[in-house]
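Hi,

Here is the structure I said I would pass on.

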Amino acid sequence: MADGKKRRRTDPTENSLPFKNKLKPDSVILETLKEFSTSSSASSSSSSAADKTLTLQDLSLPFRCREVADLSLSSVQSNIESLARKIAHSILTGNGFAFDVPSRSSANQLYVPELDRIVLKDKSSLRPFGNISTVRKSTITARILELIHQLCLKGIHVTKRDLFYTDVKLFKDQTQSDTVLDDVSCMLGCTRSSLNVVAAEKGVVVGRLIFSDNGDVIDCTKMGMGGKAIPPNIDRVGDMQSDALFILLVEKDAAYMRLAEDRFYNRFPCIIVTAKGQPDVSTRLFLRKMKMELKLPVLALVDSDPYGLKILSVYGCGSKNMSYDSAHLTTPDIKWLGVRPSDLDKYKIPEQCRLPMTEQDIKTGKDMLEEDFVKKNPGWVEELTLMVKTKQKAEIQALSTFGFQYLSEVYLPLKLQQKDWL
Amino acid sequence: MDGGGSSSESPIKAKKSKSKTPRKPKETILKQKSPAEFFAENKNIAGFDNAGKSLYTTVRELVENSLDSAESISVLPVVEVTIEEINRSKFNSMIGLVDRERVDAALYDDYETEKAREKRLAKEARAQEIQAKNASLGKKGKEASATKGIKGRGEASFYRVTCKDNGKGMPHDDIPDMFGRVLSGTKYGLKQTRGKFGLGAKMALIWSKMSTGLPIEISSSMRKQNYISFCRLDIDIHKNIPHVHLHEKRENNEHWHGAEIQVVIEGNWTTYRSKILHYMRQMAVITPYAQFVFKFMSDAPDKNVTVSFARRTDVMPPIPLETKHHPSSVDLLLIKRLIAETSKQNLVQFLQHEFVNISKPYAERLIGELGADFNSKMAVKSLTSQQIVRIHQLFRQAKFDDPSGHCLSPAGEYNLRLGIIKELHPDMVATYSGSAQVFEGHPFIVEAGVSVGGKDVKQGLNIFRFANRIPLLFEQGADVVTRTALKRINWSSYKINQIQDKIGVFVSIVSTKIPFKGTGKEYIGDDITEIASAVKSAIQQCCIQLKSKILKKMQAREQQERKRNLNRYIPDASSAIYNILNTTPLHASKKLRSGGDEEELMRKVSENLITKETLIEKLAKYVEQVDYEMALEYATQSGVSEQPRETIYIQSLEAENKIVDLHAPFFVFRVVQ
């Protein structure tokens, strides 16, 4: 009697989650996932073998491209020293001085479909001290060089914020020191991490992953609910091990929290990563490292709006700001799992949870349709066209309308079962 | 006085009886309302929303009447406006009411209850404490504001508004009708006018009757008239006829011509002070050929205001001409009225002479198109209603030339510019006058001015709107000018900083019919694309003119500051480079090719032959050289001479020219001193 009552009480709530009845047992889903994982790792290993031969030099593009490499501290140091000597010489001969800085403007960027990422062309501009419009920037550049030289001598890491605070009076604004820092790494031909300057921790990871951070072994299933903050300097990270079947990339902190708390990675072995919005350099480096070392497929869960797709593109083929280092920062072959515009109707998300797109949104959407990285995937073009046509967007949280745990209990399992990714 | 009293009582009675009899079966009584009654009930239409706005509207109606009057006889206007505050006891004595002391204090709205009193005292004590504290700390806090007397709602303020001009004056016998009859006026007809409804002073009179019950006083004299007409009258709102108290001729010793109107109304100076002053100032901008004196007088001398806006030019825009209707802008009723009023006999003459842009051949073509039952010789008065509808239809569909703007009287670029310079003293100003354009058969002209800098101008955009040469002060947000300036002009592309620069945007639109929006006629809607694009292009034209000036200024400033700016960065740059050299480890410099430039450099650094000071010195020399080269280049580019300064010579009008006439039998020598 009591048992029956209990069942009756719980039954309606179980049934209230729409599409729950379509779910097959977890074991079936796991089977499909294993299949997917092995096939993708096989394909990625074969393709990565092909990738290894495919670099910028092999493409023989009609123009020269600029790419940076990881340099050792001592070579960064000697680069800076020889640059300083040249400048000192130029000053002493009475010619003032000038930096030859590679241009990072959008006119100097190029999407290379063979590589599936943005690269920087080799245009550069002179930054002379004797010109009123560039005197400030060239002084800041000299100062940043000096500071990085110090870092090289001492062999320590600092954050961008630290760098800014060493001379607030000159830099005035952190964006100024940040852009010049990127200029400097571009100029010296090394990655930003080789300059020993890192950004503050932003990304987090949780799930079936074990790695070593500066020698300490980290087990990401035992990091509590919040997960492990992704270390800002990737060179300390190593020895990655995992029994996961896929990597789940989440746009938002809220959805990440939900999945972490529900221990989604124990039901379906996976690694969950988020950068809480636009990804920073270290999260992108980390994702690439995971993908390359563990050979796992990457599935992305982003908002159904143009910005969700934009974030996806930054992981996939790089941002324009850091295009000089796109080789180290991009992760190829990310699948768009959800929330896709077609899901809004498929999962009957009620009207009140959908938002009308603003004019700006629609414009961004239309612009994205022109972007090469969208065009290369016909499924994405279809989805984005649908979004622009319906003029509706929705966040991942719109799924909470069926209950907070709908995301982890029904939506994601069903998506995985149906292999519903593009 | 008693006549006025009885008439104002009756509407209240009528209202009362209405409210008492709602349950009885409804009797539909056909009532008629006089125009005066209508406006008394809907006074917000004419801008008499509340006491404060009424004071403002009264001032503006009187000022605009004065300007129209002076311009109609081509005399440079001199307008004196005086607002005199009248306190309650003075007002009571004016209407012969005995001041009564309050007996039952608690009866009044502003009575302070025991609780409220405690609260107030506590608050005052606290404020005093804070002040004492601040004083002991040596801080200069702001002076505690004098406790304001609490004003109850019964405490109305009354004002005597006087407006004196040097205009045309009014014929002695017409004065009662001109003031005591609503919707009768001299300004009806199709032309550019300042007035908006033909209400003007009449509405002020209705308001004075509603709020104070005091009559209006008019003195007027026309040119070459040896007497002054004086008239004291009020209005019978029911019958819409004047009620004359006194109408007499007085002596005119000063050969004065013009009108002086005095009305006592309820108002609110404290809240509308700034609006009224803004109005006067903007009026002075758009009519720099007029002289305004504005005075506010009250018992408290510190509140008194006297502002005078001097005349800066004697060039007056031409008097707007009355024009005929454009065929595309008329409606059925108007055609019927024109037919009734016309002196022309047959249809072809009617079409040719009562409308613009219909020539005789065109009229005949139109008649041919109208159909078989029309011909050019048919009597125009014999047209049937159906035929008139047919004419109207054809007018709608046929193509006509656009009306020309010759009937309009814009302020003129010169006047606008002068007005802006005179009132704002900007650093830079540019003006532009567009050509006439058409909206719904009515021609319009847009003139614009953009100024940068100046006194009493706040940072950001300051928008001044004028319609038919009167300032618009209310409902700025939805106006086409505001929207255009805020949203459709990319200020930064003209090197103007929308937030930090003091920008004045002046747009004056004149038309035979301004397409106002809203009941108050205070703004022009943003939905008329013709006007919106004309406003945009006018402002842009001004900005283009300014841009070149601003660029020149920036270049000149850059010239002056270049050396200083470059020198400022020398220490930072030199020390950065030197520190890298100085901290270079020995083993790194040993790798260098011996005997090379770099090796020698490092040796000198380590031996202190090259120090930070060496670098600073060399860089300073370099900057000196760069600066010299750049200055030379700039001088060759811009020419040696300074840009010509803009100078405006204005004849002083106040001072009479001293002239000596030397008469000879055939001629006169006039010597100007």
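Predicted model: local features only at pLDDT ≥ 70, side-chain atom pairs only at ≥ 80, totals over all residues.

Where in chain A does UniProt place the feature "domain: Type II DNA topoisomerase VI subunit A all-beta"? The record, an unreviewed entry, puts it at residues 201–237 of chain A. Over residues 201–237 of chain A, the chain is 41% strand and 0% helix.

A bit of background on chain A. It has 422 residues, and 54% of them are buried. Its secondary structure comes to 18 strands and 18 helices. If you take the contacts in chain A with a separation of 6 or more, 77% of them join residues 24 or more positions apart.

Now the annotated site. UniProt (unreviewed entry again) gives a "binding site" at Glu251(A) and Asp303(A).

Glu251(A) sits in the loop between β13 (246–250) and α9 (253–261) of chain A. With a relative accessible area of 8%, Glu251(A) is buried. Beyond its close neighbours in sequence (those within four places), Glu251(A) is in contact with several residues, among them Thr274(A), Lys276(A), Leu301(A) and Asp303(A).

Asp303(A) is in a loop too, the one between β15 (298–301) and α12 (306–317) of chain A. Is Asp303(A) buried or exposed? Its relative accessibility is 3%, and under 20% counts as buried, so Asp303(A) is buried. Leaving out residues up to four places away in sequence, Asp303(A) touches Glu251(A) and Lys252(A), and its other contacts include Val339(A), Ala394(A) and Glu395(A). With Lys252(A) there is also a polar contact, side chain to side chain, at 2.7 Å.

On to where the two chains meet. The contact takes 31 residues from chain A and 32 residues from chain B. About 2700 Å² is buried between them, and carbon and sulfur atoms give 76% of that area. How many salt bridges are there between chain B and chain A? The count is one: the side chains of Arg85(A) and Glu598(B) meet at 3.3 Å, N to O. As for polar contacts, five residue pairs turn up across the interface, with both residues at pLDDT 80 or more.

On the chain B side, the elements that give two or more residues are α15 (529–568), α16 (570–583), α18 (597–606) and α19 (612–638). Of these, α16(B) gives the most, with 10 residues. By class, the side of chain B that touches chain A has 19 nonpolar, seven polar and six charged residues.

You will find Ser409(B) in the loop between α12 (385–397) and α13 (413–424) of chain B. Ser409(B) has 0% relative accessibility, so it counts as buried. Its side chain reaches the backbone oxygen of Pro318(B) at 2.6 Å. Apart from neighbours within four places in sequence, Ser409(B) is in contact with residues including Gln192(B), Pro317(B), Pro318(B), Arg469(B) and Val510(B).

Cheers

Methods: Residues numbered from 1 in each chain as written. Chains lettered and ligands numbered in written order. Heavy atoms only, no water. Contact = heavy atoms within 4.5 Å. Buried area = accessible area lost by both parts, 1.4 Å probe. Salt bridge = Lys/Arg side-chain N within 4 Å of Asp/Glu carboxyl O. Polar contact = N/O pair within 3.5 Å; in protein donor to acceptor, adjacent residues only side chain to side chain. Helix = DSSP H or I, 4+ residues; strand = E, 2+ residues; numbered from the N terminus. Nonpolar A, V, L, I, M, F, W, Y, C, P; charged D, E, K, R; others polar. UniProt positions renumbered as here; feature names shortened; annotations may be inferred. Buried < 20%, exposed > 50% of the residue type's maximum accessible area, 1.4 Å probe, protein only.
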